[in-house]
Amino acid sequence: MTTTRYSEKLARLRTGMGRKGDYMIADAKDADVTGGVPATGPRRDASGKIVGARSRPEFLDQIRKVIDQDVVDIMLTSAGNMDILATSGAFDGRAIQPAFRANETTCVWANVRHAGYAQTPSRPYRGADLAFAPANLCLYSLTFNNDTEADARALEAYAAFRRDARAAGVAHFLEVFNPNVPDAVGEVGAYVTDCIIRLLSSLTSTERPEFLKVAYNGPKAMEELAAHDPSMVVGVLGGAGATHRDTFELIAQSERFGARLALFGRKINQAEDQCCLIQWMRGVADGEVSAEEAVKGYHGDLETLGLRPDRPLADDIQITADVLRFDAAALSV
């Protein structure tokens, strides 16, 4: 079996021996658990124009293209899609770690058309049966809302999951979302950091997640979480699709402040050319190009490929996420 880049990098990072190139990139192709037809992303014609939504076979074909590129460190999918990919030998000869989503809290059911699940306090739900695990690594997600009953229920479900995962011999990484209820807490970054640290304090080494996946809530929150326990590798989630400058800036800033991996869903899945974008992401993570240079390079590649960008370069090179815009200004001082 091919040794994965993920296992090698994670071992170095946990012992403080990380080096250039060890920042990991994961492609989160698990969007199908969030809803139906729209979740798989846009289908594009030969010019790059969006002409509809991908079917499941088209979605799987796109995943295979990213696997064949062999640049990302982790490929995350739903359990159903990972079953198809793994049994068909999609990962043979590739150094990519396969992973599947083990649960889907109700706050992520956002792509179910005409539904309002995301507006109510998140509840735990686990669709995948670990007895049929299609990979040896999975994702489990939690959402804290500063609600005693809801948060306790989520933690109890996580404890039950850990027991099942140990029995099945499946490792996991833990995703902790920001509260999905508006105004649930005043300082989101500090609140989520403290919830994570409090949770991990009760876990022995055999129960702990392989790494964390959290929203980037700015430098202070990231530094606090990453510095508290250097043996726990911290990663950031990509969040909503935005400009490609936002994508590259998130990698650069999170790495500077302690994150050691990024897991991108919509930011990759909605791209005009996913493999091309991933290659530039790798360049930013390795410190070979700046975020701004990566946007220009990506647009240059799109032009060479004859693909029309979704946004003109003048717009795509802008930082639109407030947390990144503020931090970018601070970094320039």
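Trainee: Which residue follows H3 with a positive phi?
Mentor: Bearing in mind that the model is predicted, we look at the position that comes after H3. The phi there is positive, near 80 degrees, and the residue that takes this value is Gly 89.

Trainee: How wide an arc do the buried residues of H3 cover around the axis?
Mentor: The buried residues of H3, which spans residues 79-87, are Asn 81, Met 82 and Leu 85. They lie on the same side of H3, because the arc they cover around the axis is only 100 degrees. What covers them includes helix H2 (56-69), together with E4 and E5.

Trainee: Which helix do the buried residues of H1 pack against?
Mentor: In helix H1 (residues 5-14), the buried residues are Tyr 6, Lys 9, Leu 10, Arg 12 and Leu 13. Seen down the axis, they fall within an arc of 165 degrees, so they line one face of H1. These buried residues pack against strands E1 (24-29), E4 (74-78), E5 (97-101) and E6 (137-143), and also against helix H9 (274-285).

Trainee: Which side chain of opposite charge is nearest to Asp 246, and how far away is it?
Mentor: Asp 246 has its place in helix H7 (residues 244-256), and, leaving aside residues up to four places away in sequence, it touches Gln 318, Ile 319, Thr 320, Ala 321 and Leu 324. Asp 246 is buried yet has no salt bridge, a pairing that would need a distance within 4 Å. The nearest side chain of opposite charge is that of Lys 267, at 6.2 Å.

Conventions: Residues are numbered from 1 along each chain as its sequence is written. This is a predicted model: local features need pLDDT of at least 70, side-chain atom pairs count only at pLDDT 80 or more; totals for chains, interfaces and linings use all residues. Side-chain values use heavy atoms; hydrogens and water are left out. Helices (H or I, at least four residues) and strands (E, at least two) are DSSP runs, numbered from the N terminus. Buried means under 20% relative accessible area, exposed over 50%, partly exposed in between (1.4 Å probe, protein chains only). Lys and Arg count as positive and Asp and Glu as negative; His and the chain ends are not counted. Contact means heavy atoms within 4.5 Å. The arc is that of the directions from the helix axis to the C-beta atoms.
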